[in-house]
2 protein chains.
Amino acid sequence: MLTNILLEEARELLVNNIIALPGRSISPETALGRVCCQDIHALHDLPPFLQSAVDGYAVSTGNGADDKHYLLKESLRPGDYPGFSLKPGQAAGVVTGGPVPSGARAVIAQEFTELKGGYVTCLSKVNQGDNLKQPGEDFHSGDIMAKRGTILSPGLIGALAAYGVSQIKVFQRPKVAVLSLGREIVPYHQVPAPGQTRDSNGIFLAALVEQDGAEVTAVETVGDMEPVQVKYRLEKLLRQADVVLTTGGAASGVCDQALNAIRLTGARPLFWGIKIKPGSHSGAAVLKSKLIIALSGNPAACATGYHLLATPSLRALQGLNPEPVRLVAVCKNTLLKKGGPRRFVRGNAFWHQNKWQVSFGPGQKSSMLRSLINYNALIDLPAGHPPVEERQEVSIILLPSCNPWDY
Amino acid sequence: MLTNILLEEARELLVNNIIALPGRSISPETALGRVCCQDIHALHDLPPFLQSAVDGYAVSTGNGADDKHYLLKESLRPGDYPGFSLKPGQAAGVVTGGPVPSGARAVIAQEFTELKGGYVTCLSKVNQGDNLKQPGEDFHSGDIMAKRGTILSPGLIGALAAYGVSQIKVFQRPKVAVLSLGREIVPYHQVPAPGQTRDSNGIFLAALVEQDGAEVTAVETVGDMEPVQVKYRLEKLLRQADVVLTTGGAASGVCDQALNAIRLTGARPLFWGIKIKPGSHSGAAVLKSKLIIALSGNPAACATGYHLLATPSLRALQGLNPEPVRLVAVCKNTLLKKGGPRRFVRGNAFWHQNKWQVSFGPGQKSSMLRSLINYNALIDLPAGHPPVEERQEVSIILLPSCNPWDY
């Protein structure tokens, strides 16, 4: 088993063990934010027929007839279809987006016409093709509308509705179970006995999973179960989910429940421990197609491990690019800490005065929840870094919840 | 009724007519993305008791006893609570995040100790307070954890779980109904007769509404209903929803269903027509506390009106800041169009080579769906603008779906 490896090695090991989940068909009403699992092509020309771009009069011109005066043959209303064609010198009232009769060479907008005695008089110059929308102007039959891996936006869903598409093939959402380890951890809604602690990581991870487009199947604790019971619990969750996230019990302390339970299931550890702070006690294992990601129990370490390891995995399972978005930002604070392993500080990135800036609040200890309430970025400081000075440029990773990973 | 007004005037009229919806209590499991409707304060100190920051030994020092050797009194496991106190020269095994016995002055990390013959030997220098986490280190009782208007992030939900909070007071989600007008419009899943058009705007708007955190109560069409029937339909939707979005039937053409139906309900129009392109045929009306926003029928005009008028309204109803995020970006394309009213072009903003850039695709006619498939910004060009040149700086509005409005 690889221990204490680089973050990039860990992420690569994870992503290389992931195949995007199979596709399923869903209705457009439930498709927002899901990911296309195949290319989508236009089924036919759109618009399907020659349309008017304006309310006005379709006219047949261009063969010697008087181009100023037209006999009004009929006026179409929205929804009407012309059962006639125009002969030279004839006009028909048409509406925006409506079909024009065959034989029409142009449409004159209403405001440039006068209707009198059954004749339409044109007050402007008419050129052939004016205000006509050709079939296929928007999409030609066979045009690609979305590639595999595209997130279904409102506009894409709308465009598919224009074709009457009632089923869209998307990647399945990953099912994720959360298992909070630690003998002292009780469900958050339970009153803890002295020495016990409420499980805040479970619901925190569940919300992160939801934010990443996956589905939470369970949030459970194990308390002081025997190792074999922890193993059974883990196996139960693995049957229901594609990914099990464990939190806690991953330190090399007195009660290492995580690695122990993982080994008992027969899962193959990919790595255990990465060279970052916080979150060094992160690991991962695979059992057939199922993935176990073990995160630290300290809240900020759990968060860091989640963003750096679980988010890329959940994105890869949905057919999305697992690479995080990085940019350089100006740091608004001073950080006295220095040295040690590569460090990730939770911060708030914002665009201000024409540059990316990032600030971080108090409560950066890995045991503390305060820095987790409001952050949208991780500041990535290299191993052995000197103290960070105000106005220094730092490399940050934007979290997908706050930012366009999916431009 | 105000007609053909400035966009900013229209938005102000709308937002000034909006009071945020009342609050309701929901469970933390369903709270992601919802908005706090009151300030939340820490109920008590967190951690609630003196904790160890590491696995190791709590020791009682500092009163003349030998600071190297300690009698091991007891070893605590995770979840244990010490029913004893330490006297000078005594030690107790403690775990990360666990309570330390009273009388402890410091905790020595396990790796700097040796255990032999019932005595703990300390291999490093010990300072009073080392590795002790004071009660309230994370939150003091009464500290503000979230202000009214804060979006519930995973971390905030987790921090509230650490307090056992099982109900969170949030603003109600706005209920929104969508009514697609136009005699020729049929539900998207229906096969259109010749001259009819599938309703793609309805589901497009429904997805935008969902993206903006509101709840869709209905997506309906009216076809060739009589005006009074359209009025009844609108009234039915207004009973079920806080906001009704209409699309289509808003031009001054042959079948102006929108304003007609709105007037028949007795709603008070706020404005009708704004000086922008596309989306000039946008209007709004109020009926008691209910809001009607009338959008164009052309897809891109409908989208523009939605982003500029409906999104701010839905945000204000949820207690969020309705102001859009603006920034300056370098345009990657040439736009030959010029002049006319203030113009909004649908584009893709992205951060590249250390600057914001924006590109726009083909299909910018307001009748076309193509530009709606993939855009995250509106390029805001002033009235009478010259053609836009490649590399020119333009003002853009980032859409909330793609960007941190909520830093």
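Reader: Is B:Pro28 buried or exposed?
Author: B:Pro28 is buried, with a relative accessible area of 3%. Buried means under 20% relative accessible area, exposed means over 50%, and partly exposed is in between, with a 1.4 Å probe and protein chains only.
Reader: Before we go on, what kind of model is this?
Author: This is a predicted model, where local features need pLDDT of at least 70, side-chain atom pairs count only at pLDDT 80 or more, and totals for chains, interfaces and linings use all residues. Residues are numbered from 1 along each chain as its sequence is written, chains are lettered from A and ligands numbered from 1 in the order in which they are written, and side-chain values use heavy atoms, with hydrogens and water left out.
Reader: OK, where in chain B is B:Pro28?
Author: B:Pro28 lies in the loop between strand E2 (23–26) and strand E3 (40–41) of chain B. Helices (H or I, at least four residues) and strands (E, at least two) are DSSP runs, numbered from the N terminus.
Reader: And which residues is B:Pro28 in contact with?
Author: Leaving aside neighbours within four places in sequence, B:Pro28 is in contact with A:Tyr188 and A:Ile203, and also with B:Ile157, B:Val165, B:Ser166, B:Gln167 and B:Ile168. Contact means heavy atoms within 4.5 Å.
Reader: New topic. How many residues of H3 of chain B are buried?
Author: Nine of the 11 residues in helix H3 (residues 201–211) of chain B are buried. Among them are B:Ile203, B:Phe204 and B:Leu205.
Reader: What do they pack against?
Author: The buried residues of H3(B) pack against helix H2 (154–161) of chain A, and against several elements of chain B, including strand E14 (175–180) and helix H6 (299–317). Just after H3(B), B:Gly213 takes a positive phi of about 85°.
Reader: How many residues of chain A are in contact with chain B?
Author: 69 residues of chain A are in contact with 69 residues of chain B. The area buried between the two chains is about 6,400 Å², of which carbon and sulfur atoms give 59%. That area is the accessible area (1.4 Å probe) that two parts lose on being put together, summed over both.
Reader: How many salt bridges are there between chain A and chain B?
Author: The count is six salt bridges, each a side-chain nitrogen of Lys or Arg within 4 Å of a carboxyl oxygen of Asp or Glu. One of them joins A:Lys365 and B:Glu137, with the closest N and O atoms 2.5 Å apart.
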